Amino acid sequence: MSDGVDALKAGQRLAVIDILRGLIIVIMALDHVRRYTHISGFALDPMDFHVSNPILFAMRWSAHLCAPAFVFLAGVSAWLQYVRLPDIRRLSIFLLSRGVWLMVVEVTIVGLGWSFGWPVPVLLGILWAIGCSMIALAGLVYLPRKWVLIVGLVITLGHNLLDSIHASQLGMFGIVWNFLYEPRLFSLGGMPVLALSYSVLAWIGVIALGYGMGHIFLTPDRDRRLMLLGAGLLILFLTLRGGNFYGDPRPWAMQAHLEDSVMDFMNVQKYPPSLLYLCVTLGVVLLLAPWLERLPARLRRILGTFGAVPLMAYVAHLYIVHAVAIVAHLAMGKPLTGAFNSLYMSIKHPTALQGTDLPLWMVWVCWVIVIAVLYPVCRWWLGIKQRHKNWWLAYL
């Protein structure tokens, strides 16, 4: 462990975290390309086996890894930052200010990138969740690390006990419950003005888990411990899900076809994230991590570049995905309905987007183009951050 601590204090980064985060960014980009180019982005739910197929299901399910990985690694990174510079007050201030900044980016730059139009319905998505979680962690870090881990476990394991509580039961406090636990679309005069998809309570549990488990990434037997934890989470998922015991509000059932049964079994709730959703996604992420440093050097370098500048990668990829989707629609002779007011159209008038979808093979082509364009952007920004040590670059 001392070698890892010394490396951190010398300013080195943990390659496995950047590579893992980079892989998640690449997976996320595929899902977002699908949303803009394929019929499963607006007219059907790829997680519903009644209308989907195994390929679409797998594409969408793989993207389920993204949010838990981002939030968990945000917690791990906070712990590593404390190890690098053991000043709780400084860490708390950074988490608080960084969290507020991510929330501002979410409701401004990110919303415009999703929509390419104005006015933009406010979408409170993953950056909102990470920002709120960082603000909560800014207070939690004053507790010993083990107590932060316990808080994370209590929230993660127990929050599904709250499923029976609904905002409609809480009167004037209902909106607080929406932000904490029950996602909601807010409208004004029939117009969607705020889409709250990432209620934050469960995500606070995930970032606390990351912080509480961050020390594992500095231990000599890191890979073994990550694999044991990942396997344990998957066993817990299979046990609870198999018997419909606890951890997800939607039970599964055997279907007439095996592939339908598998899709129904794996279709766990993301909004808000159920215990079983977090078990299976974090389980896969933890099992993947030990193998990433065994990838070919060139692939590690590419993924590590994305993962070293995650905020730039996230914001830039939205604009690139949206622009590439527009070009692809023009190239395929498809109408640009919804191209410049995407959020509004997908929420309010999804049927108007019928006939604008592209074939699945075009989704893959567009994805490759997006990654090819995104990489030099991230490499350029990483170079700036490496050459300049201005304090404000830590927020970007």
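Helices here are DSSP runs of H or I with at least four residues, and strands are E runs of at least two. Counted that way, this protein has 16 helices and three strands. The model is a predicted one, so please read everything below as computed from that prediction. Here is a friendly tour, from the overall form down to single residues.

**Overall form**

- The protein has 396 residues and a radius of gyration of 21 Å, which agrees with the value near 21 Å that a compact globule of this length would have.
- Along the principal axes, its C-alpha atoms fill a box of roughly 60 × 50 × 45 Å.

**The interior**

- Buried residues make up 53% of the 396 residues.
- The largest nonpolar core contains 116 residues, and F72, I126, L137, W203 and Y314 have the most contacts inside it.
- Apart from that core lies another of 14 residues, including L124, C132, Y181 and L194.
- Leaving aside residues up to four places away in sequence, W203 touches A67, P68, V71, A129, S133, Y198, P273, Y277 and L278.
- Helix α11 spans residues 258–266, and its buried residues are D260, S261, M263, D264, F265 and M266.
- Those buried residues of α11 pack against α3, α10 (222–242) and α12 (275–292).

**Two buried histidines in loops**

- H64 lies in the loop between α3 (54–63) and α4 (66–84).
- H64 counts as buried because its relative accessible area is 3%, and the cut-off for buried is under 20%.
- Beyond residues up to four places away in sequence, H64 touches M47, V268, K270, Y277 and T281.
- H159 is found in the loop between α7 (145–158) and α8.
- H159 is also buried, with a relative accessible area of 2%.
- Again not counting residues up to four places away in sequence, H159 touches V154, Y181, A202, Y246, P273, S274, L275 and L278.
- H159 and G205 are 46 residues apart along the chain, and their C-alpha atoms are separated by 9.1 Å.
- Y277 is among the residues touched by H64, and Y277 is also on the list for W203.

**Backbone details worth a look**

- Y271 and P272 are joined by a cis peptide bond, with omega of about -10°.
- P272 lies in the loop between α11 and α12.
- N244 has a positive phi of about 50° although it is not a glycine.
- The loop between α10 and α11 is where N244 sits.
- N244 is partly exposed, with a relative accessible area of 34%.

**A nonpolar patch on the surface**

- L170, M172, F173, I175, V176 and L180 form a nonpolar patch on the surface, and together they have about 570 Å² of accessible area.
- One of these patch residues, I175, belongs to helix α8, which covers residues 174–180.
- I175 is partly exposed, with a relative accessible area of 41%.
- That value of 41% for I175 is over the 30% relative accessible area asked of a patch residue.

Conventions:
Residues numbered from 1 in each chain as written. Predicted model: local features only at pLDDT ≥ 70, side-chain atom pairs only at ≥ 80, totals over all residues. Heavy atoms only, no water. Patch = residues over 30% accessible without salt bridge, like charges linked within 9 Å, V, L, I, M, F, W, Y side chains within 5 Å. Areas by Shrake-Rupley, 256 points an atom, 1.4 Å probe, with all protein chains shown as cover. Salt bridge = Lys/Arg side-chain N within 4 Å of Asp/Glu carboxyl O. Buried < 20%, exposed > 50% of the residue type's maximum accessible area, 1.4 Å probe, protein only. Rg over C-alpha atoms; globule rule 2.2 N^0.38 Å. Core = buried A, V, L, I, M, F, W, Y, C linked by side-chain atoms within 4.5 Å. Contact = heavy atoms within 4.5 Å.
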